[in-house]
Amino acid sequence: MELSGRTAVVTGAASGIGLALTERFLTEGMAVVMADIAAEVLGRESGRLADAGGRVTAVECDVADPEQVAALRDRAVQDHGSVHLLCNNAGVAYGRPNHKTKPGVWQWVVGVNLLGPAYGVSAFVPAMLDQGEGHVVNVASEAGLCSTGLLGSYHASKYGVVGLSESLRLE
């Protein structure tokens, strides 16, 4: 895929892997729509990258909310015309025995880690199909392939991301 002159959307873009992906895509000549729930950090990092000449758009977004993901898509298209690469990277974790993990924690972890990518696919893939090109990268980590103790909600969500990704590839 030719990256130069294209547009990427990266969730969880204000730090960690998302920020590293953003920086790499900018190096490759892409415009990047940086999405994150951490508004202050997002503003600081997007400002730093823009000051260095990067074509970035910062959008505060909770990926667990399908309406916010749809608004992210709309903003990306409004500012850049189309999206060629979606990186569903936002993720959260919570370490505690499964039997002690409260329903609200399950909803938070599954909402961000599994439903976030699902909402991203629903929001962005139709336009990618219409334009005849596009790629989706769903970050699952090793936790989507093998389990450990104390991270049941995290593993369950990341196993789900692997299943979503494999199904999407087959489609």
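A residue is called buried when its relative accessible area is under 20%, exposed when over 50%, and partly exposed in between, using a 1.4 Å probe and protein chains only. By this definition Arg24, at 52% relative accessibility, counts as exposed.

The model is predicted: local features need pLDDT of at least 70, side-chain atom pairs count only at pLDDT 80 or more, and totals for chains, interfaces and linings use all residues. Residues are numbered from 1 along each chain as its sequence is written, and side-chain values use heavy atoms, with hydrogens and water left out.

Side chains of opposite charge can pair when their charged atoms come close. Such a pair is termed a salt bridge if a side-chain nitrogen of Lys or Arg lies within 4 Å of a carboxyl oxygen of Asp or Glu. The count of salt bridges here is 7.

One of them joins Arg24 to Glu28, with 3.1 Å from N to O. Glu28 is partly exposed, its relative accessible area being 31%.

Another salt bridge connects Asp79 with Arg75, and their closest N and O atoms are 2.8 Å apart. Both residues belong to helix H3 (residues 66-80), where a spacing of 4 residues separates them by about one helical turn; helices are DSSP runs of H or I with at least four residues, numbered from the N terminus. Asp79 is partly exposed at 33% relative accessibility, and Arg75 is partly exposed at 33%.

A further salt bridge pairs Glu45 with Arg44, at 3.7 Å between the closest N and O atoms. Glu45 is buried, with a relative accessible area of 12%. Glu45 and Arg44 also belong to a network of salt bridges that links them with Glu23 and Arg48.

Note on methods
Helix = DSSP H or I, 4+ residues; strand = E, 2+ residues; numbered from the N terminus.
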